[in-house]
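Biologist: I am new to this structure and would like to learn how to read it. Could you take me through it step by step?

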Amino acid sequence: MNRGVLSSMTPPSQRYSSWIRTFHSTREAGIRLVCFPHAGGGAGFYFPLSGLLPPEVQLLAVQYPGRQDRRNEPGIGDIGTLADRIADALQLRHGGDRLAFFGHSMGAAVAFETARRLEQHPGSSPVHLFVSGRPAPCAHDQRPEQYLHLRDDEELIAELSMLSGTDPALFSTPELRELLLSPVRADFRAIETYRCTPGASVGCPITALTGNADPLVSPAQVRMWQAHTSASCTLHVYEGRHFYLAERFGEVADQICRTLKEYL
């Protein structure tokens, strides 16, 4: 078995701890908000949001392999495999807990697919799904294919700089470039090859969020998440581009708290 590749033979405690990070522990939590990062992102992206939530809501951040403290593990270039592993980890520790999911960009697709898998286990279904900065799966035909995972390093770096303001100087040495780009390329491969099962949906309500100046997705495409739930779907549009979230964690935290209040 390759280093870092988890399987059913891995001890349950490691299968959980490899995937889930907590920043603020609380004994008062009535619900746990599981947060899924964007392509190239790590669990630490959600640290500011964790500190803004009340004690009744505990944030659990997903850590994909290939970055931060999992940098020695190979990335996973398939949304379904990511969802399988994360669903397994959550079942091990939180099978009977009240959960809500929040996913930004690629993380929205991973959160959706993880929710679908947990719905197959009675008592494990998330009560609410927040999707941010991501077109609905059924809007796929409206998006031009880019296949950034097949582009060369320079093109990939340029895209990262455009989307998130990543300093190109971070990629100045070959060793650092490989360390940083390898998980990004795996993530882009995962989301760019993702195709949702036609008609797939979840049973919980969906709250969709997006920036009004996002170059990758329009509010209309985000609104189409309504087609992927048998419950309600609401749309909230914020000032900002694709990473509006990093600048508006306070506003988003308020919306999360208002939404989850009914489940506490």
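Modeller: Strands here are DSSP runs of E with at least two residues, helices are runs of H or I with at least four, and both are numbered from the N terminus. Please keep in mind that this is a predicted model, in which local features need pLDDT of at least 70, side-chain atom pairs count only at pLDDT 80 or more, and totals for chains, interfaces and linings use all residues. Residues are numbered from 1 along each chain as its sequence is written, and side-chain values use heavy atoms, with hydrogens and water left out.

Biologist: How many bridges join strand 6 and strand 7, and in which sense do they pair?

Modeller: Two strands pair if DSSP finds at least two bridges between them. Strand 6 and strand 7 have six bridges, in the parallel sense.

Biologist: What is the order of the strands in the sheet?

Modeller: The order is 1-3-2-4-5-6-7, an open sheet of seven strands with mixed pairing. Strand 1 (20–22) and strand 7 (233–238) are the edge strands, each pairing on one side only. From one strand to the next, the twist averages 20°.

Biologist: Which strands does helix 9 touch?

Modeller: Contact means heavy atoms within 4.5 Å. For directions, axes are lines fitted to C-alpha atoms, for helices over the stretch in contact, and angles between N-to-C directions run from 0 to 180 degrees. Helix 9 (residues 249–260) packs on the sheet and touches strand 2, strand 3, strand 4, strand 5, strand 6 and strand 7, its direction making about 160° with that of strand 5.

Biologist: Is strand 5 enclosed or open to the outside?

Modeller: Buried means under 20% relative accessible area, exposed means over 50%, and partly exposed is in between (1.4 Å probe, protein chains only). In strand 5 (residues 128–132), five of the five residues are buried, so this strand is largely enclosed by the rest of the structure. His128, Phe130 and Ser132 point one way, while Leu129 and Val131 point the other way.

Biologist: What are the neighbours of strand 5?

Modeller: Strand 4 (residues 99–104) runs parallel to strand 5 and is joined to it by five bridges, with Phe102 opposite Phe130. The chain goes from strand 4 through helix 4 (residues 106–118) to strand 5 in a right-handed β-α-β crossover; right-handed means that, with the strands pointing away from the viewer, the path from the first strand over the helix to the second runs clockwise. Strand 6 (residues 206–211) also pairs with strand 5 in the parallel sense, over four bridges, and Val131 has Ala208 as its partner there.

Biologist: How many salt bridges does a search of the whole structure find?

Modeller: Side chains of opposite charge can pair when their charged atoms come close. A salt bridge is a side-chain nitrogen of Lys or Arg within 4 Å of a carboxyl oxygen of Asp or Glu, and the search finds nine. Among them is Arg70 with Glu73, whose closest N and O atoms are 2.7 Å apart; Arg70 and Glu73 are buried.

Biologist: Which residues are linked in a network of salt bridges?

Modeller: Asp84, Glu113, Arg116 and Arg117 are. Asp84 meets Arg117 at 2.5 Å, N to O, and this pair links distant parts of the chain, helix 3 and helix 4, 33 residues apart. Glu113 meets Arg116 at 2.9 Å, and both lie in helix 4, about one turn apart. Glu113 counts as buried at 5% relative accessibility, while Arg116 counts as partly exposed at 22%.
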